[in-house]
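Me: I have a structure to look at and would like to learn how to read it. Could you take me through it step by step?

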Protein chains: 2
Amino acid sequence: MYEFLLQSLRKYILLSPEEADLLVSRISLRKVKKKQWLVTPGEISKTDYFVNKGCFRAYYQDDNGHQYITKFALEGWWISDILSLYTGELTKLYVEALEDGEVIAIHKDNMDQLFDEIPQLNKYFRLVYQKALVNASERVLCTISQSAYDHYMRFLTQYPNIEQRVPQYMIASYLGITPEFFSKLKAQAVKKIS
Amino acid sequence: MYEFLLQSLRKYILLSPEEADLLVSRISLRKVKKKQWLVTPGEISKTDYFVNKGCFRAYYQDDNGHQYITKFALEGWWISDILSLYTGELTKLYVEALEDGEVIAIHKDNMDQLFDEIPQLNKYFRLVYQKALVNASERVLCTISQSAYDHYMRFLTQYPNIEQRVPQYMIASYLGITPEFFSKLKAQAVKKIS
DNA sequence: CGCGACGTTGATTTGCCTCAACGATTGTGG
DNA sequence: CCACAATCGTTGAGGCAAATCAACGTCGCG
């Protein structure tokens, strides 16, 4: 049941059977239906989620109702409002399931305890965050330095095969452009090739 | 000499005197002059830097010679090409001193050793990266959701008092706009107030 | 002093947005 | 199994934000 998560941990650190058991005792599995939310604005985020199955998006909605997708998460990714989890401030994000799926939930308090009980976990998350930081930095650079089309190309390499799983207007939102303009971009790209 | 770094560590973790000594034995102080580089494209980054004094920028330069600033670092910040440091790929970034200053340099190999010798260091960097990730995520959100002016306002809260230390065209570059347009933005802002 | 670095301002162009209309597809209840 | 609505993608006309290019003013510094 938790094999996939343990496998992810073992990519970076060694876990004794006892530690693995301890970990498992402090986490829980949660099934979610398409369009359900894991996080909604106004709460204080207390849980970190590991995607076991399915596809999720984190997005922000401004006062005019416009949505901006900040992140997608597929199998093996962590997703939460890290800002709220870290600072205790109110969440401003939604985290929504784009398909029926399941996540492994770890409550902040259990997490803190686990960090003491299994110090190696600090290393695991150090590496996870480091990787996420590299991604975020590259995305920032792309956004300020490249045209929307180049930015799109980079997106495809970071999220391979995601185009089959999420509607096009969400990809546009992630890229920071409108669905209409995104559609025109793709039309032009086809012309260029031929 | 290394007091400032130790102080930063102690904000998040406890260090015994022995551990502090061990740490100090594996790091070095490096003085840099204005316009000197800590990192230049084409190398493989092997060192992480902690800013003890001064002001630095990381930037990318494209084939047309355009520069894009991805990060500023003031006293107490870490700066490096984390991508190259992490993956071993060639750096594409410059890291340059904007003032005479000094950094504390930690070589990757020493760092890895220290992570084993002082496991708590994992926790420190987990938290440092987590914070940096929160910042980067907010920056992404701002860039795709807000106008250049709002984005500028947020910048000021993240880097207070930096306007006195770096030229305006670099702030424009960080924000992803041209110096000319940035100048016009500020002119309009003054009008609004009066 | 004279040069280079930096900031400003204006004219023009371009990338992307907004609004609106229109197919295509999917899902759902009668 | 069909009618209908809802969701999603496409296309076009017009508008705005920001880029580009060029000229000019100002300051600090060798």
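Me: Which element gives the largest share of the surface near DNA strand C?

Reply: A residue is near a strand if its C-beta atom, placed from the backbone, lies within 6 Å of it. Here helix 8 of chain B gives the largest share of the surface near DNA strand C, with 6 residues. Helices are DSSP runs (H or I, at least four residues) and strands are DSSP runs too (E, at least two), numbered from the N terminus. Bear in mind that this is a predicted model, where local features need pLDDT of at least 70, side-chain atom pairs count only at pLDDT 80 or more, and totals for chains, interfaces and linings use all residues. Residues are numbered from 1 along each chain as its sequence is written, while chains are lettered from A and ligands numbered from 1 in the order in which they are written.

Me: Which residues are closest to DNA strand C?

Reply: Of the 15 residues that surround DNA strand C, the closest are Ile177(A), Phe181(A), Gln168(B), Glu180(B) and Ser183(B).

Me: And which come nearest to DNA strand D?

Reply: Around DNA strand D there are 15 residues, and Gln168(A), Tyr169(A), Glu180(A), Ser183(A) and Phe181(B) come nearest.

Me: How many residues does each chain give to the contact?

Reply: Two residues are in contact if their C-beta atoms, placed from the backbone, lie within 7 Å. Chain B gives 27 residues and chain A gives 27 residues. On the side of chain B that touches chain A, helix 5 of chain B gives the most, with 17 residues.

Me: Which residues have the most contacts inside the largest nonpolar core?

Reply: In soluble globular proteins, nonpolar side chains tend to be buried together. A nonpolar core is a set of buried Ala, Val, Leu, Ile, Met, Phe, Trp, Tyr and Cys residues joined through C-beta atoms within 7 Å; buried means that 20 or more other C-beta atoms lie within 10 Å of a residue's own. The largest core has 83 residues, and Leu133(A) and Leu133(B) have the most contacts inside it.

Methods
A residue is buried if 20 or more other C-beta atoms lie within 10 Å of its own, exposed if 12 or fewer, and partly exposed in between; C-beta atoms are placed from the backbone.
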